[in-house]
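I opened this notebook to keep track of what I looked up. The entries follow the order in which I went through the residues.

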Amino acid sequence: MKRRFAILLGSLALVLMGCTTMEGSTVHDEPLVNTYWKLTQVGATAPEAVYNEREAHFVLHTEENRVAGSTGCNRLMGSYRLENEALRFGALATTRMACLEGGETEQAFLAALEATATWQIEGQTLTLRDGSGAAVAQFEAVHLY
């Protein structure tokens, strides 16, 4: 009986250890496509949150290689081309709503997407880089459900 209890207790400990994350453990990277990527930094600045406006974000949809999102003011749509670590955005279109705030973020966000040449994901952070390797924008994966 004691032996069974010891085996059960040891098995339970192994299961619980597998459910926890320890410092230095491997963190799984989020997938690039079909993930909601919230803009956290564009250039050297963090985007301003504007009251009653959508946050700046994008989603790369696999069907027809289309991108959709928001600049923080206007809706964003277009296409993209993905080949390994290379990422290029095609012609991007936005709605034309006049926004009293957030215009600087919108322009910087669109310029960063246009300059994008490569991408890199570490955990839940996506970094877009230009042709010289400089970071042009960073994003955080957001799980909607």
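**Entry 1, the rings.** I worked from a predicted model. I began by asking how many aromatic pairs the structure holds. I found 3 of them. I then looked at F58 and F139, whose rings are 4.9 Å apart from centre to centre, with 80 degrees between the planes. I noted this pair as edge-to-face because the angle is over 60 degrees. F58 belongs to strand 2 (residues 57-61) and F139 to strand 8 (residues 135-142), so I wrote down that the pair ties together parts 81 residues apart in sequence.

Are F58 and F139 buried or exposed? I have F58 as buried, at 0% relative accessibility. I have F139 as buried too, at 1% relative accessibility.

I next looked up F109 and F139. Their ring centres are 5.9 Å apart and their planes stand at 55 degrees, so I listed the pair as tilted. F109 sits in helix 2 (residues 103-115) while F139 is in strand 8, so this pair ties together parts that are 30 residues apart in sequence. I found F109 buried, with 0% relative accessibility. To close the topic, I recorded one aromatic cluster formed by F58, F89, F109 and F139.

Where is N74 placed? I located N74 in the loop between strand 3 (66-70) and strand 4 (75-83). Its relative accessible area is 3%, so I counted N74 as buried, the limit being under 20%. I also asked which side chain N74 joins in a polar contact. The partner is the side chain of E106, at 2.8 Å. I then set aside the neighbours of N74 within four places in sequence and listed its remaining contacts: G69, T94, T95, R96, M97, C99 and E106.

I placed K38 in strand 1 (residues 36-42). With a relative accessible area of 29%, K38 went down as partly exposed. How far apart are K38 and A141 in sequence and in space? I noted 103 residues in sequence and 6.3 Å in space, C-alpha to C-alpha. Leaving out neighbours within four places in sequence, I found K38 in contact with E55, A56, H57, Q138, F139, E140 and V142.

Note on methods. Residues are numbered from 1 along each chain as its sequence is written. This is a predicted model: local features need pLDDT of at least 70, side-chain atom pairs count only at pLDDT 80 or more; totals for chains, interfaces and linings use all residues. Side-chain values use heavy atoms; hydrogens and water are left out. Helices (H or I, at least four residues) and strands (E, at least two) are DSSP runs, numbered from the N terminus. Buried means under 20% relative accessible area, exposed over 50%, partly exposed in between (1.4 Å probe, protein chains only). A polar contact is a pair of N or O atoms within 3.5 Å; within protein, one must be able to donate a hydrogen and the other to accept it, and residues adjacent in sequence count only if both atoms are side-chain atoms. Contact means heavy atoms within 4.5 Å. Rings of Phe, Tyr and Trp (its six-membered ring) pair if their centres lie within 6.5 Å; planes under 30 degrees apart count as stacked, over 60 as edge-to-face and the rest as tilted.
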